[in-house]
Amino acid sequence: MLYEPLLRPLLFSLDPERAHEEVAGLMSWLAPIPGAAAALSALTGRSPRGLGKTVFGISFSNPVGLAAGFDKDGALAPILPALGFGFIEIGSVTLEPQPGNPRPRLFRVPESRALVNRMGFNSDGARLVARRLASQPKSSVPLGINLGLNKNTEPSRAPSAYARTFRILSDHGDYFVINVSSPNTPGLRDLQKVRDLSAILEAVQAANPGHKPILVKISPDLADEDLAALVETTERLAQGLVVSNTTVSREGVEEKWRDEAGGLSGRPLKKRATELVKRVRAMTKLPVIGGGGIESAEDARERLNSGADLVQIYTSLVYEGPSVVKKILRGLTGRR
Ligand SMILES: Cc1cc2nc3c(=O)[nH]c(=O)nc-3n(C[C@H](O)[C@H](O)[C@H](O)COP(=O)(O)O)c2cc1C
């Protein structure tokens, strides 16, 4: 496709968040047009067969999904599968609408093929997202909904906030992710501690009579002893893990990024996230969605071989363009 020579320079000449808005705007404009998804699918290349698998009781046509944060409010869920994704994860969605952090809050680090973001859960809120998902065509691939927490929610109210958010959205998603690992909401990552996480998962499961799979998304910055306890809690009260969110580490990027608050994603996260999948896999048989710095079929295969059942991408979509998904899929089948 013409992404690298044409579209990327154009988008990279814009502020990163503005570029995202342009792409998202174009996709949501295309979504309702008959034949647009088929055209986008044809433009982004052939999608191989034979990569299907069933994980936490859901059948996936391939193991490569879209990570949370690209489509925070679910507006693109009908059109994103045209890029070849085997599943789409929308969100994070918070209970109440909130604007997120002041701009600028998204930065490109092109020399490291990375992004730094401190979006801070800009969200339309659960009710509007639920209405949107109910009124638009359903995603043709399994839909995950990632749940976040409003900035002004007291930690003691987190269990009921997550449970209420889940209840509002529960009919619309195939699996749900409890995000307790974004570095951009003060105190959020402390909820990875056993007592807090148990209370959150118990509250969400009490609101989950339909037994939708509930996954916990974890930080690559967790200490070893905290990881073991978190995995045990997840085994007891949930159905899987998303490994991992962005890192507050600045390993692999220039010095100047140390002072820019936010989570680092993309290539510098690859090694750390792969190691974390291996550590998690050594502790549990629970299903794992692996993400962080996956840019190629080799990266995806390595993550799957390290113990992930499925993988997901975000940052490589920005650098490689929309054809990257099917490129990864073709590489995974061994054909190009
Ligand atoms: C701009 C941006 C926004 C993100 N927003 C969220 C979010 O709302 N919730 C979440 O769980 N993860 C969010 N993430 C993290 C991604 O889902 C993913 O875990 C991380 O970027 C690592 O994958 P990657 O290296 O393929 O991008 C965001 C990432 C980026 C770059």
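Where is Gly69 found? I started my notebook with that one, keeping in mind that this is a predicted model.

**Entry 1: Gly69**

I found Gly69 in the loop between β3 (64-66) and β4 (87-93). Next I asked myself: is Gly69 buried or exposed? I counted 25 other C-beta atoms within 10 Å, so Gly69 is buried; the cut-off for that word is 20 or more. I then looked across to Tyr314, which is 245 residues away from Gly69 in sequence. In space, their C-alpha atoms are 7.9 Å apart.

**Entry 2: the whole chain**

I stepped back for an overview and listed 11 helices and 13 strands in the protein. The radius of gyration came out at 18 Å, close to the 20 Å that the globule rule gives for 336 residues, so the protein is as compact as a globular protein of that length. I noted that the C-alpha trace spans about 50 × 45 × 40 Å along its principal axes. Of the 336 residues, 49% are buried. I also looked at contacts between residues at least 6 apart in sequence, and 73% of them join residues at least 24 apart.

**Entry 3: β10 and its partners**

I picked strand β10 (residues 240-243) and checked which way its residues point. Gly240 and Val242 point one way, Leu241 and Val243 the other way, and all are buried. Which strands did I find beside β10? One is β9 (residues 214-218), paired with β10 in the parallel sense over four bridges. Here Leu215 stands opposite Gly240. Another is β12 (residues 288-291), which is also parallel to β10, with three bridges. In that pairing I found Ile289 of β12 as the bridge partner of Val242. I then followed the chain from β9 through helix α7 (residues 224-237) to β10, and these make a right-handed β-α-β unit.

**Entry 4: the β5-β6-β11 sheet**

My next stop was an open sheet of three strands, with the order β5-β6-β11 and antiparallel pairing. I saw β5 (106-109) and β11 (263-266) at the edges; each has a single partner strand, so one side of each is left without a neighbour in the sheet. The twist averages 25° from one strand to the next. I counted four bridges between β6 (residues 114-117) and β11, in the antiparallel sense. Ala114 has Gly266 in β11 as its bridge partner.

**Entry 5: α5 against α6**

At what angle do helices α5 and α6 pack? I got about 30° for α5 (residues 158-169) and α6 (residues 194-206), with their axes 8 Å apart. The crossing is right-handed. I wrote down some of the residues that meet there: from α5 they include Tyr162, Ala163 and Phe166, and from α6 they include Ala199, Ile200 and Ala203.

**Entry 6: helix α11**

I finished with helix α11 (residues 324-332), where seven of the nine residues are buried, so this helix is largely enclosed by the rest of the structure. The buried ones are Val324, Val325, Lys326, Lys327, Ile328, Leu329 and Leu332. I made a note of the two lysines, Lys326 and Lys327, in that list. What covers the buried residues of α11? I found that the cover includes β3, α9 (297-305) and α10 (315-320). Just after α11, I noticed that Gly334 takes a positive phi of about 90°.

How values were computed: Residues numbered from 1 in each chain as written. Predicted model: local features only at pLDDT ≥ 70, side-chain atom pairs only at ≥ 80, totals over all residues. Buried ≥ 20, exposed ≤ 12 C-beta atoms within 10 Å, placed from the backbone. Pairing = 2+ DSSP bridges. Right-handed = clockwise from strand over helix to strand, strands pointing away. Rg over C-alpha atoms; globule rule 2.2 N^0.38 Å. Contact = placed C-beta atoms within 7 Å. Axes fitted to C-alpha atoms, helices over the stretch in contact; angles between N-to-C directions. Left-handed = near helix turned anticlockwise from the far one by under 90°.
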